[in-house]
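Here is a short note for someone opening this entry for the first time. Please read the points in order.

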Amino acid sequence: MPPWRLSRYFLGRPASVTEARRFITATLSAWPVVESAELIVSELATNAVRHTASARFGGKFIVSIQAEPDQVWIGVTDEGGPGLPRLVRPTDDEGGRGLLLVASLADNWGVYGNQAGRTVWALLKVDPIAAAAQATSR
């Protein structure tokens with residue numbers, strides 16, 4: 001399977017998190033990492049809508065996928081904000097665990113950009129043999 005890329009804009013509102021998850025599951029349905037990718041995008045899109053300028057009226061965020069035979073890169077680009085995304089120690093509060101979940105599911109993850117806009121990304125390694133077997137079994 002040759003490498004490919006796909007991106008989509010979403011409005012910066014809570015309902016768009018569900019749309020972003022559907023975009024991931026529809027696009028990566030034949031990939032063995034689809035469930036992890038869906039959870040990762042759910043967390044990253046939620047963070048974009050809750051903690052960045054993407055949530056303002058008319059704001060948006062972008063979900064990008066770059067797929068190669070042995071890995072899938074997923075990024076969520078927001079419209080920036082004052083703080084940098086970071087891992088926090090879990091507390092009894094319900095929130096604050098999103099990036100810990102991303103870090104536990106992804107083989108690698110990171111952030112680039114600045115207060116004007118940033119991308120939080122995650123990389124999922126794929127066993128090409130397992131991916132081919134799953135694609136042919138559907």
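In what order do the elements of the protein run from the N terminus on?

1. The order is β-α-α-β-β-α-β-β-α. That gives four helices and five strands. Helices (H or I, at least four residues) and strands (E, at least two) are DSSP runs, numbered from the N terminus.

2. A word on the source. This is a predicted model, in which local features need pLDDT of at least 70, side-chain atom pairs count only at pLDDT 80 or more, and totals for chains, interfaces and linings use all residues. Residues are numbered from 1 along each chain as its sequence is written, and side-chain values use heavy atoms, with hydrogens and water left out.

3. The protein has 138 residues, and 38% of them are buried. Buried means under 20% relative accessible area, exposed over 50%, and partly exposed in between (1.4 Å probe, protein chains only). Of the contacts (heavy atoms within 4.5 Å) with a separation of 6 or more, 63% join residues 24 or more positions apart.

4. Look next at helix H2 (residues 34-51) and helix H3 (residues 98-105). Their axes come within 9 Å and cross at roughly 155°. H2 is therefore roughly antiparallel to H3. Axes are lines fitted to C-alpha atoms, for helices over the stretch in contact, and angles run from 0 to 180 degrees between N-to-C directions. Angles over 145 degrees count as roughly antiparallel.

5. Which residues meet where H2 packs on H3? H2 brings Ser-36, Leu-39, Ile-40, Glu-43, Leu-44 and Asn-47. H3 brings Gly-98, Leu-99, Leu-101, Val-102 and Leu-105. By class, this contact has seven nonpolar, three polar and one charged residues. Ala, Val, Leu, Ile, Met, Phe, Trp, Tyr, Cys and Pro count as nonpolar, Asp, Glu, Lys and Arg as charged, and the others, Gly among them, as polar.

6. Within H3, the buried residues are Gly-98, Leu-99 and Val-102. They lie on the same side of H3, because they cover an arc of only 90° around the axis. The arc is that of the directions from the helix axis to the C-beta atoms. Their cover includes H2, strand S4 (108-114) and strand S5 (117-125).

7. Leu-105 touches Ser-36, Leu-39, Ile-40 and Leu-124, leaving aside residues up to four places away in sequence. Leu-105 and Leu-39 are 66 residues apart along the chain, yet their C-alpha atoms are separated by 8.5 Å.

8. Ser-42 belongs to H2. Ser-42 counts as buried, at 14% relative accessibility. Beyond residues up to four places away in sequence, Ser-42 touches Val-17 and Arg-21.

Note on methods:
Parallel < 35°, antiparallel > 145°, perpendicular 65-115°, else oblique.
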